[in-house]
Amino acid sequence: MTQDDGDLDSLVRKRIRALRVAQGWSLEELAGRANLSQSSLSRIENGRRRLALDQLVILARALDTTLDQLVETASDDVVTSPMIDSAHGLMRWPVRSDPGMSVVRQRMTEPPPDNSARMRAHPGREWLVVLSGTAVLMLGHRRFRVETNQAAEFPTMLPHAIGAEGGPCEILGIFDRDARRGHQRDSGGRRADGIDAGGPDT
């Protein structure tokens, strides 16, 4: 066995134990779910029993995960650089593990629109956190102030818009696949991959 094999073996054993503990299960409970004896499972977790592929498949199923996730190792491309859109003051990162999702960081200077006709609605969900300043989230007929370090999550089928209050603010947003598609183009046909914002650029 190579050193890398040994590292993976140790990692898988630690994952099995960590997943069991996270579920709040005792050795006996997981052993029962995996049709193993408690002593066999204990030896697997403690490295005193060889890891067999058929047992890993059963344990992955019992732990509500997959074999791939149980033996996954870090790839070489862990670090991702942003795609920068200077015109809209934003940076965007794709989420490799879920290509439908994206993370956007955007600086806003304009308040949200007063006219509800300028709010957008589209399928999906969005989550955002204010990194600095104060943001205003218009959601249907309601107005929410979102301060620094506060977050908001909402269904994007509600008409919505986001802007700054009392000076510039910076926001980090996470969009699911449907919400990201809703941001692909604004009503003027221009690219608008950022957060639904007020002002003439969105």
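**Entry 1: β5 and β8.** I looked up how β5 and β8 pair: they run in the antiparallel sense over 5 bridges. Two strands count as paired if DSSP finds at least two bridges between them. Helices (H or I, at least four residues) and strands (E, at least two) are DSSP runs, numbered from the N terminus. In this pairing Leu139 stands opposite His160 in β8.

**Entry 2: Source.** I note that the model is predicted, that local features need pLDDT of at least 70 and side-chain atom pairs pLDDT 80 or more, and that totals for chains, interfaces and linings use all residues. Residues are numbered from 1 along each chain as its sequence is written, and side-chain values use heavy atoms, with hydrogens and water left out.

**Entry 3: β5 and β6.** I then checked the other pairing of β5. Strand β5 (residues 135–139) is joined to β6 by 5 bridges, and the two run antiparallel. Here Leu139 stands opposite Arg142 in β6.

**Entry 4: The sheet.** I put the strands in order and got β6-β5-β8, an open sheet of 3 strands with antiparallel pairing. β6 (142–146) and β8 (160–164) are the edge strands with a single partner each, so one side of each has no neighbour in the sheet. Neighbouring strands are turned by 20° against each other on average, direction ignored; the axes are lines fitted to C-alpha atoms, for helices over the stretch in contact, and angles run from 0 to 180 degrees between N-to-C directions.

**Entry 5: Cover of β8.** I asked how many residues of β8 are buried. The count is 5 of 5, where buried means under 20% relative accessible area, exposed over 50% and partly exposed in between (1.4 Å probe, protein chains only). In a regular strand the side chains alternate between the two faces of the sheet. From β8, His160, Ile162 and Ala164 point one way, while Ala161 and Gly163 point the other way.

**Entry 6: Positive phi.** Most residues other than glycine have a negative phi. I looked at two asparagines. Asn35, in the loop between α2 (27–33) and α3 (38–46), has a positive phi of about 55°. Asn35 is exposed, with a relative accessible area of 72%. Asn149 lies in the loop between β6 and β7 (151–155), and its phi is near 75°. Asn149 counts as exposed at 66% relative accessibility.

**Entry 7: Whole chain.** The chain has 6 helices and 9 strands. Of its 202 residues, 37% count as buried.
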